[in-house]
Amino acid sequence: SDLALFLQIKPPAASELVDRLVKAEFIERETNPNDRRQTILTLSDKGKRIIAQRQEQLVNTYLKMLERMKPKEQKALEQAFVTLARVAKAMDDKEAGL
């Protein structure tokens, strides 16, 4: 139910999603030894590889985008990120939706 709440979906949809991710071997599911009503979800090795590959693809895409920008545009983007970081630092987790 925590996952469903976090994803803002109904619990049956969250269960179905977890089942599909387990079946695809992207995550592993185990019962919490301290509270058998809870399930612990962790990324599998396969899931970690997929995440790492996707991150690398995104970095390469961003680098290609930056290469197409003029220096003045790159500087404006840098300033925007500085501003976003400052605003994010001032927000608490609840305000940020975390």
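Trainee: What pattern does the chain follow, read along the sequence?

Mentor: In this predicted model, reading along the sequence gives the pattern α-α-β-β-α-α, and the chain holds four helices and two strands. The radius of gyration is 19 Å, well over the 13 Å that the globule rule gives for 98 residues, so the chain is more spread out than a compact globule.

Trainee: And what does the C-alpha trace span along its principal axes?

Mentor: The C-alpha trace spans about 55 × 30 × 25 Å along those axes.

Trainee: OK, what share of the residues is buried?

Mentor: Buried residues make up 8% of the 98 residues in the chain, and the chain exposes about 9,000 Å², with carbon and sulfur atoms supplying 56% of that area.

Trainee: What about contacts, how many join residues at least 24 apart?

Mentor: If you take the contacts between residues at least 6 apart in sequence, 4% of them join residues at least 24 apart.

Trainee: Switching topic, what is the mean pLDDT of the chain?

Mentor: The mean pLDDT is 93, and 95% of the residues reach 70 or more. Among the elements, helix 3 (residues 45–67) has the highest mean, 97, whereas helix 1 (residues 2–7) has the lowest, 91.

Trainee: Let me look at one residue: is Ser44 buried or exposed?

Mentor: Ser44 is buried, because its relative accessible area is 5%, and the cut-off for buried is under 20%. Ser44 sits in the loop between strand 2 (39–43) and helix 3.

Trainee: Which residues does Ser44 touch, not counting those up to four places away in sequence?

Mentor: Ser44 touches Glu25, Phe26, Ile27 and Glu28. Glu25, one of these partners, is found in the loop between helix 2 and strand 1 (27–31).

Trainee: And what is phi of Glu25?

Mentor: Glu25 has a positive phi of about 65 degrees, although it is not a glycine. Gln8 also has a positive phi, near 60 degrees, and is likewise a residue other than glycine.

Trainee: Where does Gln8 lie, and is Gln8 buried or exposed?

Mentor: Gln8 lies in the loop between helix 1 and helix 2 (11–23), and Gln8 is exposed, with a relative accessible area of 72%.

Terms used. Residues numbered from 1 in each chain as written. Predicted model: local features only at pLDDT ≥ 70, side-chain atom pairs only at ≥ 80, totals over all residues. Heavy atoms only, no water. Rg over C-alpha atoms; globule rule 2.2 N^0.38 Å. Buried < 20%, exposed > 50% of the residue type's maximum accessible area, 1.4 Å probe, protein only. Contact = heavy atoms within 4.5 Å. Areas by Shrake-Rupley, 256 points an atom, 1.4 Å probe, with all protein chains shown as cover. pLDDT = per-residue confidence, 0-100.
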